[in-house]
Amino acid sequence: MYRILQRFTTIEIKRRGVQAIQCCGLHELNKEQHNFSNENKSFKRTRNILLGAVVGGCIGYYFIEKSKLVSAEEIKKYNNDEPGSFKEDLPVYNLEDISSHATRDKRIWVTYKEGVYDITNFIDTHPGGDQILLAAGSSVEPFWLLYSIHENPHVYKILESYRIGNLNKDECNNLTKDMTDPYFNEPKRHNALKPASKKPFNAELPPELLIQSFITPNELFYVRNHLPVPDLKAETYELEIEIEGVKKTKSFRLEDLKKLPKKTITATIMCAGNRRSDMIKHKPVKGLNWGPAAIGTATWTGVPLRDVLISAGLKEDDDKFKHVQFEGGDSDVTGKMYGASIPIWRALDKRGDVLLAYEMNGVPIPRDHGFPIRVIVPGVVGARNVKWLEKITVSDKESDSHWQQNDYKGFSPSTDWDTVDFTKSPAIQELPVISAICQPSEGSTVKVEQDKITVKGYAWSGGGHKIVRVDVTVDGGKSWHVANFEHQDAALPPQHWAWTIWTVKIPVDKKSKNVEIWAKAVDSSYNTQPESVENIWNLRGVLSNAYHKVKVNLKR
Ligand code: HEM
């Protein structure tokens with residue numbers, strides 16, 4: 001587009017040139033006509049001038065017609081070109097080149113589809129302000145899913161005017177070269193994901209962005225990995241199913257699973273450690289310092305687990321089995337795979353909607369989220385939604401995996417690492433009701449408009465419960481304001497799997513310079529959140545669902 005614009009500019013110059021010739025000719029002619037009438041100059045001179053004007057006009061006509069032809073071609077070319085499509089005459093850059101341009105001194109590059117853009121000179125005039133910097137060195141696409149105002153020819157035109165190159169699509173699954181590093185083959189992640197740890201990769205979005213959209217774009221969905229990401233191939237993938245006591249196991253290839261009747265659900269997945277940072281403020285815990293964005297909502301398409309188990313030979317009324325164990329394709333240095341299990345009743349419950357999902361938001365599940373198959377256990381902690389699923393075992397026992405037995409369990413605030421006995425607590429399955437204030441974020445400055453501030457966040461409850469109310473206060477609970485639901489899924493409990501996005505305008509004291517906002521949600525079983533983090537603190541920092549409290553400054 002830059003080149004097209006350049007050529008349009010040239011054409012424009014040509015046009016102006018022609019106009020100049022014409023004007024000049026006409027001007028000359030007028031001038032000479034004036035002279036002719038007033039000074040009666042010779043016919044020869046007039047003839048020459050007329051001839052000049054005609055020749056000038058012809059040249060002008062030629063250039064105008066030529067420029068019309070060129071611009072028509074160019075316009076046609078431009079119209080045919082999708083924004084972000086590959087442009088033969090521009091250089092190709094790989095992802096490393098692009099991510100190295102993420103600061104003003106190195107210039108700020110972004111990508112859109114196959115286009116690479118240097119947007120440094122646009123940043124200060126961007127109508128959306130500094131937010132644009134979130135895409136620095138990375139793709140703008142996931143943000144534009146959040147802010148669909150950008151799906152507009154006027155925006156594409158601006159973007160294309162900053163075009164500098166093409167993205168090397170073959171390198172999108174950029175690999176680091178150090179083969180001795182178990183993390184040498186990690187997928188490329190979006191810069192907007194803020195890592196809580198890099199190896200294994202665990203990251204979440206800034207909370208203000210999280211709630212811009214009911215469905216979280218795949219690239220911005222929080223990532224919770226325990227081990228290096230396996231690189232499974234669709235063509236060679238096989239899922240093994242073992243029913244204990246039955247000698248013969250059954251295998252399904254990806255295409256076999258895709259042939260079975262499919263189902264799509266909208267479900268929120270949350271890490272047990274979401275909002276752990278609130279617990280850490282009270283007392284240190286062992287665990288990643290997650291903020292309130294270790295949660296996301298997507299549509300998941302796949303085949304119901306119960307159908308696959310039944311087609312593998314499991315009898316629905318066979319009550320000797322109690323659990324369904326899952327094993328991922330991610331292994332530790334000893335070769336031990338990530339694993340977890342769920343109770344069999346949930347796996348077989350038609351209303352449980354447990355899926356062997358192969359699509360996330362309508363596309364194959366990205367590597368970071370479990371390609372090619374992730375078991376989606378809606379309403380249940382993320383840790384049981386095993387990614388890169390390679391094996392299912394129907395058993396009378398829970399998974400013996402570390403993550404089922406010695407992690408993801410809750411304890412009393414008085415239990416410490418000397419007294420903890422992991423065998424005494426059940427593995428977390430359904431998650432309790434939670435809410436979070438995402439906008440404004442902690443420590444930010446909020447504009448007071450008509451004596452009110454706008455507060456926005458999410459609320460969700462595990463086990464298929466629906467959120468029925470969110471209460472928000474800015475005066476320590478003296479007065480509560482009921483939030484409006486900006487987006488809530490129509491599904492009824494106990495199959496209400498997705499979060500609710502809420503918003504509320506709250507009056508603030510005319511004199512206050514800052515306030516502490518509190519939010520709490522109530523679900524369809526009238527479960528609500530505990531008031532203080534102190535009384536639910538636990539040594540692993542899981543299930544941190546106390547009232548969410550955010551301190552902000554006020555600007556008038
Ligand atoms: C780099 C390419 C980008 C371009 C060319 C661009 C361009 C624009 C334009 C022209 C508008 C005004 C649209 C209108 O009112 O019709 C706009 C608004 C906005 N943009 Fe961008 N933008 C870019 C990237 C981003 C990114 C990466 C984000 C967020 C992370 C973002 C967030 C916003 C927001 C929040 C608004 C204001 C929306 C509103 O007022 O409702 N933009 N942008």
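How many of the residues in the protein chain are buried? Of the 556 residues, 40% are buried, where buried stands for 20 or more other C-beta atoms within 10 Å of the residue's own, exposed for 12 or fewer, and partly exposed for values in between, with C-beta atoms placed from the backbone.

## Model and confidence

This is a predicted model, in which local features need pLDDT of at least 70 and side-chain atom pairs count only at pLDDT 80 or more, while totals for chains, interfaces and linings use all residues. Residues are numbered from 1 along each chain as its sequence is written.

The mean pLDDT of the protein chain is 86, and 84% of its residues reach 70 or more; pLDDT is the predictor's confidence in each residue, from 0 to 100. Residues 1–80 have pLDDT below 50, and this stretch has 47 contacts in the model beyond near neighbours in sequence. Residues 173–177 also stay under 50, with nine contacts beyond four places in sequence. Where pLDDT is low, the predicted coordinates should not be read in detail.

## Overall content

The protein chain holds eleven helices and 28 strands. Of the contacts between residues at least 6 apart in sequence, 71% join residues at least 24 apart; a contact requires C-beta atoms, placed from the backbone, within 7 Å.

## Ligand shell

The ligand is surrounded by 18 residues, and the closest are Pro 127, Gly 128, Gln 131, Ala 135 and Phe 143. A residue is near a molecule if its C-beta atom, placed from the backbone, lies within 6 Å of it. Helix α5 (residues 153–160) gives the most to this shell, with three residues.

By class, the shell has 13 nonpolar, five polar and no charged residues. Here Ala, Val, Leu, Ile, Met, Phe, Trp, Tyr, Cys and Pro count as nonpolar, Asp, Glu, Lys and Arg as charged, and the others, Gly among them, as polar.

## Strand β10 and its partners

Side chains alternate along strand β10 (residues 238–243). Strand β10 pairs with β11 (residues 250–253) in the antiparallel sense over four bridges, and pairing requires at least two DSSP bridges between the strands. Glu 240 has Ser 251 in β11 as its bridge partner. Six residues lie between the strands of this hairpin, where Gly 245 takes a positive phi near 95 degrees.

With β19, strand β10 pairs in the parallel sense over four bridges, and Ile 241 has Ile 392 as its bridge partner there. Lys 391 also lies in β19 (residues 389–395). Lys 391 counts as partly exposed because 19 C-beta neighbours lie inside 10 Å. Beyond four places in sequence, Lys 391 is in contact with Glu 240 and Glu 327. The C-alpha atoms of Lys 391 and Ser 251 are separated by 9.1 Å, although the two residues are 140 apart along the chain.

## Two open sheets

Strands β25 and β26 (residues 500–507) run antiparallel and are joined by four bridges, with Phe 485 opposite Trp 502 in β26.

The other open sheet described here has three strands in the order β7-β8-β9, again with antiparallel pairing. Strands β8 (residues 202–204) and β9 are joined by two bridges, and Ala 203 stands opposite Val 223 in β9.

## Backbone exceptions

Most residues other than glycine have a negative phi, and most peptide bonds are trans. A cis peptide bond joins Phe 371 and Pro 372, with omega about 0 degrees; Pro 372 is in the loop between β17 (363–364) and β18 (374–376). The bond from Pro 493 to Pro 494 is cis too, with omega near 10 degrees, and Pro 494 is in the loop between β25 and β26.

Positive phi values occur at Arg 107, near 75 degrees, and at Asp 451, near 65 degrees. Arg 107 lies in strand β3 (residues 107–112) and counts as partly exposed, with 15 C-beta neighbours inside 10 Å. Asp 451 is in the loop between β21 (445–447) and β22 (452–460) and counts as exposed, with 12 C-beta neighbours inside 10 Å.

Methods: Contact = placed C-beta atoms within 7 Å.
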